[in-house]
Amino acid sequence: MELNANAFGRNSRKALLDKTLQEALGRTTGRFQAHRDAAVAAFPEFEATRERASRIKRDVLDHLDTYLARFIAEAEKRGTIVHVARDAAQAREIAARIARDEGVTLAVKSKSMASEEISFNEALQGAGVTVVESDLGEFIIQLAGEAPSHIIAPAVHKTREQISRLFERHLGEPPTDSIPELVGMARKHLRAKFLSAGMGVSGGNFLVADTGSVVLVTNEGNGRMGTVLPRVHLAVVGIEKVIPRMADLPTFLRILPRSASGQAISSYVSIVTGTRRAGDPEGPERMHILLLDCGRSAILEGKYREILKCVRCAACLNACPVYQSVGGHAYGWVYSGPIGAVLTPLLVGLPEAAALPDASTLCGACADVCPVKIPLPDFLLELRSDAREQGLKTPGEIAAMKGYAGVMKRAGLLEAIERIAGVLGQFFTKGKGIGGLPYPFSGWTERRDFPAPAARPFRKQWKIKRGARG
Amino acid sequence: MVNERESLFRRLSAACGGHDGAVAGEPLPGGAPLAPEGDRVALFEKTFTAAGGILLRAPVEKTLSDLGETLRAEGVTALFFPEDDAASREIAEALVPFGPFNLTTAEEVREGSTSVTAGFRTAEAGIAETGTIVETSAGGKTLLPGLLADVHVSIVPVTSVVGRMEEALSILAAGTPRNISFLTGPSKTADIEQTLTVGAHGPKKAIALLLG
């Protein structure tokens with residue numbers, strides 16, 4: 001996928017002015033959050049399960065060489081062909097070669113963020129293979145020629161009217177404003193693809209080391225179709241998705257759907273292991289797993305190792321006030337929200353995405369909901385400081401921060417500034433707030449409105465209130 | 001490619017900092033109380049229904065007429081079941097007069113039959129914790145009735161209902177069949193305007209027939 005992360009400011013401005021997107025975001029993120037909170041509240045063991053999941057993931061990352069070797073050995077024992085790609089270019093080459101060698105002309109794909117990282121579809125199209133996205137949301141945005149804007153609800157920015165127009169134009173369906181009818185049209189169209197495709201392509205939510213299995217978690221059932229019907233199955237998965245044992249899987253199945261959509265479990269969990277066995281009436285004759293490094297081993301080596309614990313539930317997106325306001329496209333690459341603000345700079349290089357760690361208010365909501373306890377706000381701060389050390393901040397930003405620190409350390413100076421700001425602020429803004437400041441402060445106010453400085457500073461108000469309470 | 005793999009493992013070993021190779025491994029969950037069979041089945045009924053499934057229980061005559069009615073309401077005209085699944089065959093054949101329904105085969109459905117279908121299959125386990133039906137490919141069993149049908153009818157012997165996911169996996173993952181599927185409620189999507197809609201790719205209705 002094309003990288004445009006450093007344009008976060010410009011992208012957000014566009015997103016904030018997009019009325020359809022704003023409505024969709026308001027509707028969606030709120031609902032996701034409410035469902036997630038209700039599911040967590042209804043499951044008293046959530047906290048203990050989360051702790052356990054976090055520890056298992058930590059253990060895996062600390063011994064990834066051992067677990068990944070075990071996974072590969074077990075998978076190969078059951079007839080799976082395992083490929084390893086160092087970077088996106090190599091992954092594309094391998095994927096195209098697999099499709100060519102298998103004689104595939106049509107592939108049906110279920111959702112895979114990892115495949116977005118390597119621009120999988122373009123690679124296969126380059127090899128003459130048609131790739132059809134089968135997740136409904138992905139299918140819609142593929143018809144629209146766009147990129148996903150949410151990990152688990154990629155078409156969150158599309159209205160039913162827009163979708164009906166897409167189906168009219170590309171599938172020849174009559175217009176409708178009924179969502180069940182739209183779903184039925186996609187079902188009919190995609191069922192035919194599943195039944196005729198030579199290859200099913202999937203991601204992988206988990207790789208089970210002790211059995212060599214790939215686990216797919218879906219609600220629509222597309223992952224299931226694509227791993228049972230076509231004669232070839234290709235799973236494109238990041239190396240960090242390993243879990244030690246089949247017995248650990250339930251722990252993750254208890255946190256992932258609850259965090260993602262507020263379900264106790266998703267409609268479907270497929271655990272697939274190797275090729276069809278003698279006597280099996282169906283199932284793929286060939287199975288390939290393409291394991292992606294693509295920057296992961298470098299992350300593993302550094303201080304951000306724990307970001308690789310991520311299970312891609314998207315709870316941090318829904319909880320994030322910045323994501324709620326600007327949506328996924330603003331982040332300019334595959335991953336959005338707090339996880340994207342950390343993962344993207346680490347995968348593509350900080351200079352290419354230095355704007356993203358600033359795309360946060362550091363409110364901590366992401367860390368509160370993360371089902372594997374990734375310290376996202378700490379990582380965001382750490383990345384900001386890395387950006388400064390690498391000279392990726394403007395001298396103006398650095399000077400402003402130094403000045404701010406200087407003032408905050410001197411109580412008397414702060415008090416004087418507060419008093420002056422209170423008087424001047426109220427006078428100039430008539431108490432209404434600050435919408436735009438002249439250069440060099442315009443960088444701050446371009447995309448933010450600030451309240452006017454209070455006539456009476458907070459610390460004074462605090463003193464008075466505390467005094468009143470005795 | 002072997003070289004690329006070796007090079008990956010060199011990078012990983014360097015990153016993991018030359019640990020002694022001993023993997024700690026988490027202790028397995030300390031077995032939450034496993035309810036006696038009666039309670040497990042009651043919990044399964046509750047969770048299966050909460051997940052959007054329709055649960056029917058004997059006596060058989062009443063169940064058959066209820067099931068027939070549910071299938072007719074969904075517009076079902078054809079029934080199919082695995083060749084070697086005696087319980088499914090018995091129930092599907094007994095249902096024919098309640099339709100009228102035709103009997104068809106998984107192959108015909110796979111060829112792209114235009115009938116609205118109900119696919120029957122005996123479940124290998126029910127999981128009370130989540131209301132989940134477990135089907136595997138072990139022993140050459142087919143998954144097509146739960147995959148291709150518009151309505152999926154699972155035959156669930158009460159003795160196969162377990163409490164937690166771990167139990168189902170410890171029984172069914174032995175020998176790691178090619179496919180282990182957890183099916184919970186109907187196929188759903190909320191990808192259009194966050195509106196929950198059934199029947200995205202899989203069955204629009206999930207029915208469990210508890211036997212015993």
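In this predicted model, chain B has an open sheet made of six strands, and reading across it you meet them in the order β1-β12-β7-β4-β2-β3, with parallel pairing. Strands of a sheet are held together through backbone hydrogen bonds, and the pairing can be parallel or antiparallel. Look at the two ends: β1 (54-57) and β3 (102-103) of chain B are the edge strands, each with a single partner strand, so one side of each has no neighbour in the sheet.

Now zoom in on one pair. β2 (residues 78-80) and β4 (residues 117-122) of chain B run parallel and are linked by three bridges.

| Helix | Strands of chain B | Angle |
|---|---|---|
| α3(B), residues 60-73 | touches β1, β4, β7 (151-157) and β12 (205-211) | about 155 degrees to β1(B) |
| α4(B), residues 86-95 | lies across β2, β3, β4, β7 and β12 | about 145 degrees to β4(B) |

Next, how do the two chains meet? On the chain B side, 57 residues are in contact with 70 residues of chain A. The elements of chain B that give two or more residues to its side are α1 (2-15), α6 (144-148), α7 (165-172), β9 (179-183) and β10 (188-189). Which of them gives the most? That's α1(B), with nine residues. Sorted by class, the chain B side has 23 nonpolar, 23 polar and eleven charged residues.

There's strand pairing between the chains as well. β9 (residues 268-272) of chain A is joined to β9(B) by five bridges, and these two strands run antiparallel. Follow A:Y268 across and you land on its bridge partner in β9(B), B:L183.

Finally, over to chain A. Its domain assignment gives domain 1 (43-296) and domain 2 (395-469), and the C-alpha centres of these two domains lie 50 Å apart.

Chain A also has a helix pair to look at: α9 (residues 160-171) and α10 (residues 179-196), whose axes come within 11 Å and cross at roughly 35 degrees. The crossing of α9(A) and α10(A) is left-handed. From α9(A) come A:R160, A:I163, A:S164, A:F167 and A:L171, and they meet A:I179, A:L182, A:M185 and A:H189 of α10(A). By class, the residues of this helix contact are six nonpolar, two polar and one charged.

Definitions and conventions: Residues numbered from 1 in each chain as written. Chains lettered and ligands numbered in written order. Predicted model: local features only at pLDDT ≥ 70, side-chain atom pairs only at ≥ 80, totals over all residues. Contact = placed C-beta atoms within 7 Å. Helix = DSSP H or I, 4+ residues; strand = E, 2+ residues; numbered from the N terminus. Nonpolar A, V, L, I, M, F, W, Y, C, P; charged D, E, K, R; others polar. Pairing = 2+ DSSP bridges. Axes fitted to C-alpha atoms, helices over the stretch in contact; angles between N-to-C directions. Domains from an automatic or database assignment. Left-handed = near helix turned anticlockwise from the far one by under 90°.
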